Amino acid sequence: MRFRVIFQTAFRALRRNKMRSLLTALGIIIGVAAVIAMVGIGNGAKAQVEEQIASMGDNVILIFSGSVSRGGTSSGYGGAGTLTLEDAAAIKREIPGVEAVTPEVQGGARVSFGNQNWSTRLNGVSPEFFDIRRWTFAHGGPFTERDVRTSAKVAVIGNTTALQLFGNAEAALGQIVRVRRVPFTIIGVLGVKGASVMGTDQDDTLVIPYTSAMKRVLGTKTLPRITLSVEKGRPLAPVQEELTQLLQQRHRIGPDRDPDYFVRSQEEIATMATATSKVMTMLLGSIAGVSLIVGGIGIMNIMLVSVTERTREIGIRLAIGARGNDILLQFLIEAITLSSLGGIVGVGLGLGTAKILSSAFAWPVSITPGPIIFAFLFSAAVGIFFGFYPARKAASLDPIEALRYE
Amino acid sequence: MTDAIIRLDAIEKSYHTADQPVLAVRGVTLTIERGEFVAIMGSSGSGKSTLMNILGCLDRPTAGCCWLDGVDVSHLTRDEFSDLRNRKIGFVFQSFNLLARTSALENVELPMLYRRTTLSAREQHEKAMRMLDMVGLSARADHTPSRLSGGQQQRVAIARALINDPVLLLADEPTGNLDTRTSVEILGIFQRLNEQGITVVMVTHETDVAAFAKRIIVMRDGRVRSDLPVEQRTNAEEELRNLPVEPLPEMSA
């Protein structure tokens, strides 16, 4: 029997029970659509994370102060305040390959302008910070080394904070805001950077010289974090190694004492973040895959019903000379046609869903041909797998019995 | 055995039921020559249906040998049986057994789809049209069985049975579901086909129907009870003239 004829026969059989075919295929449609949409969303999130990391600099190493735990309560990383300005200076002085270093002090602060006020993240850093973080300026510019030396009351404002206080970013320039009652002059507005890997709005910030932050606002003498960048093209691992050695020496860490700091490269953080989204993608994808299998069971069920219903037809076909394989192929092709059509519709629905989700919730969605081809082939395979048993059942019918079937 | 289409030699067939084996056919030996028109008669349980299934290569005898058109078919595989049915035997059933929701033409084409050597779609189409024309239904080629009368459906079934040029036409109670006039029309077609040289074997339990054949084999308890030529054969055309209402539809070829 020619394939064209077999396909015609299959299509006709499916058309005869339009509603039933649609409902049966629905399992596959939903499964495939779910796979496409889920993987699209997962990959989108991954791509976004990767992009953010790249924008933050892939040559960045972060040193965090260790945590303290007292009476069962842990302060969290950076809480111990074991890093000092001297550490930062020593790193800059002694580690080869270090391009720029900035001490970082952070704290929440209420910033007010006129009768407007806004709670934001206060970041005390050196001017190198903007280079390390690859942060550009929308208006104005960074503060200088001199500002650091004099603990100048100057500030660079993030886009979100500027909008909250001034309504538009450019208006912030030259204004004087109060940070915990200390007046600071805005000398620069940062370019928009968006949400971070961890989901916080990076533009919701006020950046001031670390000296000003430590003396005038936060009143601390230690650093929760030191950030540095490594010269272009230099591998991070040896630098990380030397950093660890230097700090061990300076902090007198021996074999009997745990380090009171830890070193992480941006790369490691990136790997962690992408690993998380990879796991999410796989999880979502496999849940969707389960629904494909459920859809396949639906197909098997309906094919079994169909074989029983059409016992007489099978008997007629056998009597006039169809071989067992002709019948097997007929029902198998019918199952594959059903599941493949479901797959095609599912791909369309999945792409549509992904598009709607990305525009409605501004989720980043990344659709690649890979999952589409995979989902379609998988749906066809589901048809073969779950269609085989009913088809074989049909093919092995006894023509005499089948012809007698009412 | 000059030109035997069918030769049965001591055919036996037993079925295994729950309690004991049932011997449906107990040693049948007979020969049917090319060009014969044979009616197999018998009450239900006489073994005529079982014999019919064996003749039609739908079933295998438990013992004995069976030759169809010179080929020993006693030990063929399932697929070989299929091919044999496809090329050498045309079936006509009591309940027509056409595919529902499928046009008359496509029903007639169906056996050609299962041929090992397929014709082109156009050749198939033309041949099916010729066959429908022969049974006087070319005007209804696109009708589905539900839109055809019983007699018309049976004529489509006959066209289907003949499409692959079989050596044997097997009819199982072909008039069982038809009224008298239509029955005579169908039997008339068989007589004409037989005159053209096609061997016809027909199973029936009605003596009136059997009288259209040339030879009557009566089965009883799994054995051949009598095997006699028909002396006063009924001619379908004469019979129709005696019946009231319209004449036999025109048949070309």
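A: L341(A) has a relative accessibility of 38% and therefore counts as partly exposed (buried is under 20% relative accessible area, exposed over 50%, partly exposed in between, with a 1.4 Å probe and protein chains only). The model is predicted: local features need pLDDT of at least 70 and side-chain atom pairs pLDDT 80 or more, while totals for chains, interfaces and linings use all residues. Residues are numbered from 1 along each chain as written, chains are lettered from A and ligands numbered from 1 in written order, and side-chain values use heavy atoms, without hydrogens and water.

L341(A) belongs to helix α11 of chain A (helices, H or I of at least four residues, and strands, E of at least two, are DSSP runs numbered from the N terminus). Together with F3(A), F7(A), F11(A) and I344(A), L341(A) makes a nonpolar surface patch of about 470 Å² (nonpolar side chains, Val, Leu, Ile, Met, Phe, Trp or Tyr, joined within 5 Å, and like charges within 9 Å, in residues with over 30% relative accessible area and no salt bridge; areas are Shrake-Rupley, 1.4 Å probe, with only the protein chains shown as cover for residues). Two or more residues of the patch come from each of α1 (3-16) and α11 (324-360) of chain A. The largest share, 3 residues, is that of α1(A).

Charged pairs come next. Over all chains, 23 salt bridges are found (a side-chain nitrogen of Lys or Arg within 4 Å of a carboxyl oxygen of Asp or Glu). One of them joins R20(A) to E309(A), with the closest N and O atoms 2.7 Å apart. Since R20(A) is in helix α2 (residues 18-56) of chain A and E309(A) in helix α9 (residues 266-309) of chain A, this pair ties together parts 289 residues apart in sequence. R20(A) is partly exposed, at 23% relative accessibility, and E309(A) is also partly exposed, at 48%. K92(A) and E128(A) meet in another salt bridge, at 3.5 Å from N to O. Here distant parts of the chain are linked: helix α3 (residues 85-94) of chain A holds K92(A), helix α4 (residues 128-132) of chain A holds E128(A), and the two are 36 residues apart. K92(A) is partly exposed at 40%, whereas E128(A) is buried at 18%. A network of salt bridges links R310(A), E313(A), R317(A) and E334(A).

In chain B, E126(B) pairs with R122(B) at 3.4 Å between the closest N and O atoms. Both lie in helix α4 (residues 121-134) of chain B, 4 residues apart, or about one turn of the helix. E126(B) is partly exposed at 39%, while R122(B) is exposed at 64%.

D83(B), in helix α2 of chain B, is buried, with a relative accessible area of 18%. Apart from neighbours within four places in sequence, D83(B) is in contact (heavy atoms within 4.5 Å) with R323(A) and R116(B).

Among the buried residues are L51(B), M52(B) and I54(B). Just after α1(B), C57(B) has a positive phi of about 60°. An open antiparallel sheet of 4 strands has the order β2-β1-β4-β5 (chain B) (strands pair if DSSP finds at least two bridges between them). At its edges stand β2 (21-33) and β5 (71-72) of chain B, each with a single partner strand, so one side of each lacks a neighbour in the sheet. Helix α1(B) packs on this sheet, touching β1, β2 and β4 of chain B.

Conventions: Axes fitted to C-alpha atoms, helices over the stretch in contact; angles between N-to-C directions.
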